[in-house]
Amino acid sequence: MDPAYPDALPAQTRLHWYVIERVLGQGGFGITYLARDSNLDQHVAIKEYLPVEFATRTANSTIRSRTDALRERFRWGLERFLQEARTLARFEHANIVRVLSVFEFNNTAYMVMRFEEGASLAAVLDRRGTLPEGELAGVVLPILDGLEQIHAAGFIHRDIKPDNIYIRGNGQPVLLDFGSARQAAGSSDTLTILVAPGYAPFEQYYSDSGNQGPWTDIYALAATCYRAIAGRAPLDAVARSKGVLGSTQESLTPASIVGAGRYSAPFLAAIDHGLAFAEKDRPQSITEWRRELVGEQPPPPAHAAAHPSAAMRTVLGDATASRPAPVPVPRPTATRPPTAEPAAQPPRGWLRRPSMVAAIALVGGIAVALVVGVYWLAGWRKDATAEISALRQELRKDRDRAVAKPEEKPVRPADPPAAAKDSPAVDVVPKPAPQEVPVPEVRPRPATVAAAPPTKPATKDKGAVTARAQERPAPTVARNEVPSAGAASSPASPVDAKPVVSSVPPPSLPPASAPPQPASRAEPEPAQVAATPPKPSPKPPEPDLLAEARRDYDAGRHEEAVRKARPLAERGNPGAQHLLGDAHARGRGAERSVEEAAKWFERAALQGNVDAMQWLGGHFAAQDNRYMAFVWYGCAAKLGAAQAQRARDQLAGSLQPYDHVTAERAIAACVAKGKAR
Amino acid sequence: MCMHRAGIALVAVLALAGCVTQETRRDAVEEINRAFRAEYEAVLGKRGTRVVAAPHAEVFDATRAMLVRLGLTVRQQSPGLGLLTADALAPRPLSREEWERASVADLPKARELLARHVGALANLFTFEPEGLSIVINANVLETPGGTEVAFAMRMREVDAPKSGMPRREYPPPTAVAIGIDKLWDELDRELRSRGMASPRR
């Protein structure tokens, strides 16, 4: 028995003609094994239904409910598990997990699935932080195709998140782990294990699934895209609800701000539309959303998530009204108003007076309101916010329980390491390196990665399509890269796709056969060039070394590129600084470190590199520091980047008036520095 | 007799409080925000910016060190641009006593504003530091005369308020004034310990 999985079946256990080899992962509802089909002599993945909350394994390997009271729930979940398997078995889609068989054994059920090598999207994002638009679309669009079939059959996934999207060795994504079993447990008190915080829309926090539909999966998939853009999951829907209801001003920073300058505007707008808080404000079908994602159809102009204030308005105006009744929370009731006198008691002297009688009547009439008032003063608001708070408390407990189990913690690329976050700034801030001779930037940003790095073949025992280890990941996780759908990888924006005044041609361009990249990655910082005509430099800009470094970088020789670029960057070459920033941001040829990336991007930005400014804008927006995001986007906007201007404008409303005064001063200083160089 | 009447009046007040809608509460807090904003901007306009006759990098470093010493955590920074964002749970960087002092000074006005919307319930309003963090934004910019330092001080909710009232945007004006002065005093001390001149208005 694997000591890491005490509930698991031991290796070599036979389930009919399947022989268990090892555990791939365990979640709250089951264990997934790698097994060998001894008939066909091939590997399969087998998911065993074992909801640890209410079932356990006995000495003879069978599963039984923990108590008699839980038996019904266990059986109900088991039925759903079987039903899910049978439903999934009907689908034969390249991007939906292939179910080969299902059977009952050991008083539980087993779903046999095709075993495929690869890595979860979560693992890919942990490693790379974000995905460029081309690659992200290469993951999402095929999943949409599969999902469309599922929805057409009247089925909803209900648990889409990066952990449940697997990237095969050939780069094809596959959606796994449907949420029926979770739904089956919905009657329990453990709601949080039913939903993935950050990825689940608000309607999933209610046990009533009547208002769930394709829009529920669309929200989750949009949240997955957000994670790939921002480097972190979006704000949890319950936290968003607080802002929506006005008790706080928490709001989701829209993708159109977080990703401005790095992704195309229509793509970001579609994601924001998918992330609209109220279900009716989201696209209602996959077809509709796909058209928005690929730019065939613009989202509604005032969709909820496009702007925090808009989101607030939308939901305050509509969603709360249209939302189904929330989970009931026991309300204090005035069963016996405290001021009521027993009828049989003779009236006292003062009570005989008409005015006193009227006063008592008044008191009696408002007794219910009194109780409500008292509770309100005590912080017991019995409106929707209180209900949500109560629910949230409940959920938090469950979440804590789930988190208490060993879990693969995703690494947030945009976040500094915990130590750096909490330690004094001295530890965090890089000392500004001396900039000896600032070299005029000719082509500061690495261009398109024309030849994508070859996909590394996964080793056979690394990862499996069902290796979803929500609570306890399997010890080995494949680390395949998502193959580039045409390459493109460095952060750039459509606004950069302007005519370029450059003496150096792009070292490489995407192959003609490559799919179109909505956010062109090919062009370097034109706005800056337009704003500041190249000045004659006393020193040549070391074009050969920089160009070589870029060529290496584009060709996937990242370490070589970083080695060449570093001395140039140290000497103040903004193009090399940008390349180093990109290398650190993505962990390509250099240690993945947001701090290092920010340091290099900042140095490039302070020399007027518009791309670097936009990266910093997105970086700070992702950390919800709207002030700094505003400043960096403002700098880029001042130098002519139109998309940065839009992001800046969107952020403007969330700043306090006095912040504008100081921010504008910072922007002016930044632009002056950039222009001076 | 009087006791009875007072009791009835209190009951009526509490009952009415229970009838206050979320919209009314929001309006009330917005009124406070508007009033406090004006005072906040006046305080910062008057005391928020100073110039130090010292190199930018050194002033930035001193500012950062000063914030840390006051118990704030530097969350984000951009040394090249000269931006620092630091925060701490309220009342920090003020002490409890300073926060209380600010409350004594500003509560009457806040309650008066609130009373227009929620009546006698306003008397139960307090400037609770619980559930709030204070965020300091520092801008350290190069200027021809040296380095300009500007502070802004705002509040952020980290936990839902017990009162259920919508969030306030601005700390009490007196707290802002005390806090900003404290930042300057501490920066002055830090600069002097490094052999640099004091900040001047």
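Q: Which residue takes a positive phi just after helix 5 of chain B?
A: B:Gly195, with a phi of about 80°. Keep in mind that this is a predicted model.

Q: And what about just after helix 2 of chain A, which residue has a positive phi there?
A: That one is A:Gly129, at about 85°.

Q: Back to helix 5 of chain B. How does the span expected for its residues compare with the distance between its end C-alpha atoms?
A: They agree. The helix covers residues 173-193, which is 21 residues. At 1.5 Å a residue it should span 30 Å, and its end C-alpha atoms are 30 Å apart.

Q: Which of its residues are buried?
A: In helix 5 of chain B, the run from B:Pro173 through B:Thr174, B:Ala175, B:Val176, B:Ala177, B:Ile178 and B:Gly179 to B:Ile180 is buried. B:Leu183, B:Leu187 and B:Leu191 are buried too.

Q: Why would residues three or four places apart point the same way?
A: Because an α-helix has 3.6 residues a turn.

Q: What does helix 5 of chain B lie across?
A: Strand 1 and strand 5 of chain B. The helix runs at about 140° to strand 5 of chain B.

Q: Zoom out. How many helices and strands in chain B?
A: 5 helices and 5 strands. From the N terminus the order is α-α-β-α-β-β-α-β-β-α. Chain B has 201 residues, and 46% of them count as buried. Take the contacts in chain B between residues at least 6 apart in sequence: 69% join residues at least 24 apart.

Q: In what order do the strands sit in the chain B sheet?
A: The order is 1-5-4-3-2, in an open sheet with antiparallel pairing. Strand 1 (49-52) and strand 2 (73-78) of chain B are the edge strands, each pairing on one side only. Neighbouring strands are turned by 20° against each other on average, direction ignored.

Q: How many bridges between strand 4 and strand 5 of chain B?
A: 12, in the antiparallel sense. Strand 4 is residues 132-143 and strand 5 is residues 146-157. B:Ile134 has B:Met155 in strand 5 as its bridge partner.

Q: Which chain A helix lies across strands of chain B?
A: Helix 22 of chain A, residues 626-638. It lies across strand 2, strand 3 and strand 4 of chain B, at about 170° to strand 3.

Q: Chain A, then. At what angle do helix 20 and helix 21 cross?
A: Roughly 135°, with the axes coming within 8 Å. That makes helix 20 of chain A oblique to helix 21 of chain A. The crossing is left-handed. Among the residues that meet there are A:Phe601 and A:Ala605 in helix 20, and A:Trp615 and A:Leu616 in helix 21.

Q: Is helix 2 of chain A mostly covered or mostly exposed?
A: Mostly covered: 7 of its 8 residues are buried. A:Asp126 and A:Arg128 are among them. The buried residues pack against several elements of chain A, including helix 3 (133-152) and helix 19 (574-586).

Q: Last topic. Which way do strand 3 and strand 4 of chain A run, parallel or antiparallel?
A: Antiparallel, joined by 8 bridges. A:Arg36 stands opposite A:His43 in strand 4. The hairpin has 4 residues between the strands, and A:Asp41 takes a positive phi near 50° there.

Q: What else does strand 4 of chain A join?
A: Strand 8 of chain A, residues 108-114, through 5 bridges and also antiparallel. There A:Glu48 stands opposite A:Tyr110.

Notes. Residues are numbered from 1 along each chain as its sequence is written. Chains are lettered from A and ligands numbered from 1 in the order in which they are written. This is a predicted model: local features need pLDDT of at least 70, side-chain atom pairs count only at pLDDT 80 or more; totals for chains, interfaces and linings use all residues. Helices (H or I, at least four residues) and strands (E, at least two) are DSSP runs, numbered from the N terminus. A residue is buried if 20 or more other C-beta atoms lie within 10 Å of its own, exposed if 12 or fewer, and partly exposed in between; C-beta atoms are placed from the backbone. Two residues are in contact if their C-beta atoms, placed from the backbone, lie within 7 Å. The expected span of a helix is 1.5 Å times one less than its number of residues. Two strands pair if DSSP finds at least two bridges between them. Axes are lines fitted to C-alpha atoms, for helices over the stretch in contact, and angles run from 0 to 180 degrees between N-to-C directions. Angles under 35 degrees count as roughly parallel, over 145 as roughly antiparallel, 65 to 115 as roughly perpendicular and the rest as oblique. A crossing is left-handed if the near helix is turned anticlockwise from the far one by less than a right angle, and right-handed if clockwise.
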